[in-house]
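Q: Could you walk me through the ring packing and backbone of this model, with the cut-offs spelled out as we go?

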Amino acid sequence: MANQATDKSSENTNNKKEEVARVIATEKDLHGPGRFAADGLADEDQCKRMIKLANVLGNNDADEMDTSGGLTISKAKELVQSSVVKPQAVELYLDLAERGRELTASYFHLDKPLYFDFTHLVCRTALVDESNENKQRNDLSHPIHADNCIIQPDNSCLKERPAYIQRDFSAIMYLNEEFEGGEFLFAHENKSIQATVKPKCGRLVSFNATNYHGVLPIYKGQRCAIAMWYTLDKTFDEVAHSEARQVISSFQSKPVGPPVKHNEL
């Protein structure tokens with residue numbers, strides 16, 4: 001039977017980021033190895049700023065039930081260079097992602113560096129359905145999968161290309177809770193639900209990339225998050241992070257120019 005993570009403090013507070021962040025669910029709470037959830041990685045103001053940034057370009061992907069749109073680090077860097085968004089907005093994006101990476105590395109006591117493989121700030125929006133038939137959906141917003149292998153018909157997972165086999169850990173940092181549905185789920189190998197986590201601003205779910213997981217349907221509203229995939233292989237390091245910081249640094253050292261187009265960011 002699925003179990004939903006609830007807010008409760010943890011003993012795991014031995015790192016500078018964990019002085020603010022607190023683990024609310026461990027492997028025991030989430031009924032499986034290599035997973036945890038934590039709160040306090042972002043405050044309400046930071047979450048609102050990230051949601052505005054995620055929606056700058058509007059929705060660029062859609063299916064029958066919802067639409068999605070967002071920003072990679074590379075695209076965010078380009079928006080700074082073209083003065084569409086302020087450098088401070090993208091700097092916050094980078095800083096929040098770094099908090100997630102640091103907490104993940106600390107919690108799992110890794111003995112080698114953990115690198116970003118890919119980072120995506122994304123919002124997924126339920127399509128308006130006044131007949132309320134959305135709540136009768138039995139599909140998933142994101143089908144059950146693993147992040148570094150391909151699930152086979154016998155429910156085993158084959159770790160070979162085209163899967164992203166370099167990915168070792170994954171995390172998602174939620175930015176809001178003002179929507180219906182959209183809970184994160186961990187699954188058994190037979191794809192039955194093992195545990196669920198309700199999103200809220202500043203909540204991080206982090207796990208070994210081999211964990212089976214998915215997302216329940218979004219019935220109403222918009223669900224926003226920073227999705228992060230990590231690797232222990234430096235050759236796959238997402239260099240866009242350092243490139244974006246260099247661009248931000250160069251902009252901050254320049255004289256103040258005309259206002260940007262999206263100056264609310």
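The chat below goes through aromatic pairs, charges over rings, a few helices and strands, and some backbone angles.

Q: Before we start, what kind of model is this, and how are residues numbered?
A: This is a predicted model, in which local features need pLDDT of at least 70 and side-chain atom pairs count only at pLDDT 80 or more, while totals for chains, interfaces and linings use all residues. Residues are numbered from 1 along each chain as its sequence is written, and side-chain values use heavy atoms, with hydrogens and water left out.

Q: How many aromatic pairs does the structure hold?
A: The structure holds nine aromatic pairs, where rings of Phe, Tyr and Trp (its six-membered ring) pair if their centres lie within 6.5 Å, with planes under 30 degrees apart counted as stacked, over 60 as edge-to-face and the rest as tilted.

Q: What is the geometry of Phe116 and Tyr230?
A: Their ring centres are 5.7 Å apart and the planes make an angle of 50°, so this pair counts as tilted.

Q: And which strands do Phe116 and Tyr230 lie in?
A: Phe116 belongs to strand β6 (residues 115–126) and Tyr230 to strand β16 (residues 218–231), so the pair ties together parts that are 114 residues apart in sequence. Helices (H or I, at least four residues) and strands (E, at least two) are DSSP runs, numbered from the N terminus.

Q: Buried or exposed, those two, Phe116 and Tyr230?
A: Both Phe116 and Tyr230 are buried; buried means under 20% relative accessible area, exposed over 50%, and partly exposed in between (1.4 Å probe, protein chains only).

Q: What about Phe186 and Phe207, what sort of pair do they form?
A: Phe186 and Phe207 form an edge-to-face pair, with 5.5 Å from centre to centre and 85° between the planes. Phe186 is in strand β12 (residues 184–187) and Phe207 in strand β14 (residues 204–208), so parts 21 residues apart in sequence are tied together by the pair. Phe186 is buried, with a relative accessible area of 0%, and Phe207 is buried as well, at 3%.

Q: Which charged end sits over the ring of Phe186?
A: That of Arg35, which lies 4.1 Å from the ring centre; a charge sits over a ring if NZ of Lys or CZ of Arg is within 6 Å of the ring centre and within 35 degrees of the ring normal. The charged end of Arg167 likewise sits over the ring of Tyr164, 3.9 Å from its centre.

Q: Back to β14, which strands does it pair with?
A: Strand β3 (residues 35–39) pairs with β14 in the antiparallel sense over four bridges, and strand β10 (residues 167–174) pairs with β14, also in the antiparallel sense, over five bridges; two strands pair if DSSP finds at least two bridges between them. Phe36 stands opposite Ser206 in β14, while Phe169 stands opposite Asn208 in β14. Four of the five residues of β14 are buried, so the strand is largely enclosed by the rest of the structure.

Q: Which residues share an aromatic cluster with Phe36 and Phe169?
A: Tyr107 and Phe108 do, and the four residues Phe36, Tyr107, Phe108 and Phe169 form one aromatic cluster.

Q: Changing topic, what span should helix α3 have?
A: At 1.5 Å a residue, the 21 residues of α3 (residues 87–107) should span 30 Å, and the end C-alpha atoms are 30 Å apart, which agrees; the expected span is 1.5 Å times one less than the number of residues. Helix α3 is mostly covered, with 15 of its 21 residues buried, and is followed by His109, whose phi is positive, near 50°.

Q: What is His241 in contact with?
A: Leaving aside neighbours within four places in sequence, His241 is in contact with Ile73, Leu94, Ala97, Phe116 and Thr119, where contact means heavy atoms within 4.5 Å. His241 lies in helix α4 (residues 240–252) and counts as buried at 10% relative accessibility.
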